[in-house]
Amino acid sequence: MVSRSWDSFVADARLLGRSLLVGLGEICLCPSAPMGAAVVAGLLLLSPWAAVLALAGGGAATLWAFVRQQDARLVETGWYATNGALAGLAAAWWVSSGAGALALTVAGAVLENLRAGKMVRG
């Protein structure tokens, strides 16, 4: 088994974090990390639970695409994170149960990712 260095792990974590923020910024039609941070801050002020679900959905979708080694350009541009975050926001709106909303968020993010991966590959 090939061992990975700490530097590559940190670089991957930074890539995933930046991709998540860019995807959240895409919700406001401005795909940038600062706009994504502003979206998270606004969500935290309006509804902390919706912010948690948006981050969980965006993180799950981005991580799933990263682990499955899907198109790196789409991961970097936050495309998967946007879909996952929207799944989280929809779950926050539709489901009143906290555990049910979290389960729906992760399941929706992964399923959307699988569907989108098939669309990208053709």
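Which residues of α5 are buried? In this predicted model, where local features need pLDDT of at least 70, side-chain atom pairs count only at pLDDT 80 or more, and totals for chains, interfaces and linings use all residues, the buried residues of α5 are Tyr80, Ala81, Thr82, Gly84, Ala85, Ala87, Gly88, Ala90 and Ala91. Residues are numbered from 1 along each chain as its sequence is written, and side-chain values use heavy atoms, with hydrogens and water left out. Buried here means under 20% relative accessible area, exposed means over 50%, and partly exposed is in between (1.4 Å probe, protein chains only).

Helices (H or I, at least four residues) and strands (E, at least two) are DSSP runs, numbered from the N terminus. The protein chain has 122 residues, and 34% of them count as buried. Contact means heavy atoms within 4.5 Å. Take the contacts between residues at least 6 apart in sequence: 62% of these join residues at least 24 apart.

Helix α5 covers residues 79–94, which makes 16 residues, and its span from first C-alpha to last is 23 Å, close to the expected 22 Å. The expected span is 1.5 Å times one less than the number of residues. Helix α3 has 20 residues and reaches 28 Å, close to the 28 Å expected. On α3, the list of buried residues reads Ala50, Ala51, Leu53, Ala54, Gly57, Gly58, Ala60, Ala61, Thr62 and Ala65.

The axes of α3 (residues 48–67) and α5 come within 7 Å and cross at roughly 145°. Axes are lines fitted to C-alpha atoms, for helices over the stretch in contact, and angles run from 0 to 180 degrees between N-to-C directions. The crossing of α3 and α5 is right-handed; a crossing gets that label if the near helix is turned clockwise from the far one by less than a right angle, and left-handed if anticlockwise. On the α3 side, the contact is made by Ala50, Leu53, Ala54, Gly57, Gly58, Ala61, Thr62 and Ala65, and α5 brings Tyr80, Ala81, Gly84, Ala85, Gly88, Leu89, Ala91 and Ala92. Sorted by class, that contact has 11 nonpolar, 5 polar and no charged residues. For these classes, Ala, Val, Leu, Ile, Met, Phe, Trp, Tyr, Cys and Pro count as nonpolar, Asp, Glu, Lys and Arg as charged, and the others, Gly among them, as polar.

Two residues of α3 are worth a look here. Glycine 58, in helix α3, counts as buried because its relative accessibility is 0%. Leaving aside neighbours within four places in sequence, glycine 58 is in contact with Leu20, Ala81, Gly84 and Ala85. Glycine 58 and leucine 24 are 34 residues apart along the chain, with their C-alpha atoms separated by 7.7 Å. Threonine 62, also in α3, is buried too, with a relative accessible area of 3%. Not counting residues up to four places away in sequence, threonine 62 touches Leu16, Ser19, Val75, Tyr80 and Ala81.The largest nonpolar core has 9 residues, namely Leu20, Leu24, Val39, Val40, Leu43, Ala51, Ala54, Ala81 and Ala85. Such a core is a set of buried Ala, Val, Leu, Ile, Met, Phe, Trp, Tyr and Cys residues joined through side-chain atoms within 4.5 Å. At least two residues of this core come from each of α1 (6–26), α2 (33–46), α3 and α5, and α2 supplies the largest share, 3 residues. A second, separate core of 7 residues includes Ala65, Leu74, Val75 and Tyr80.

Finally, the loops. Leucine 29 lies between α1 and α2 and counts as exposed, at 72% relative accessibility. Leucine 29 has a positive phi of about 60° although it is not a glycine. Threonine 77, in the loop between α4 (72–76) and α5, is partly exposed, with a relative accessible area of 44%.
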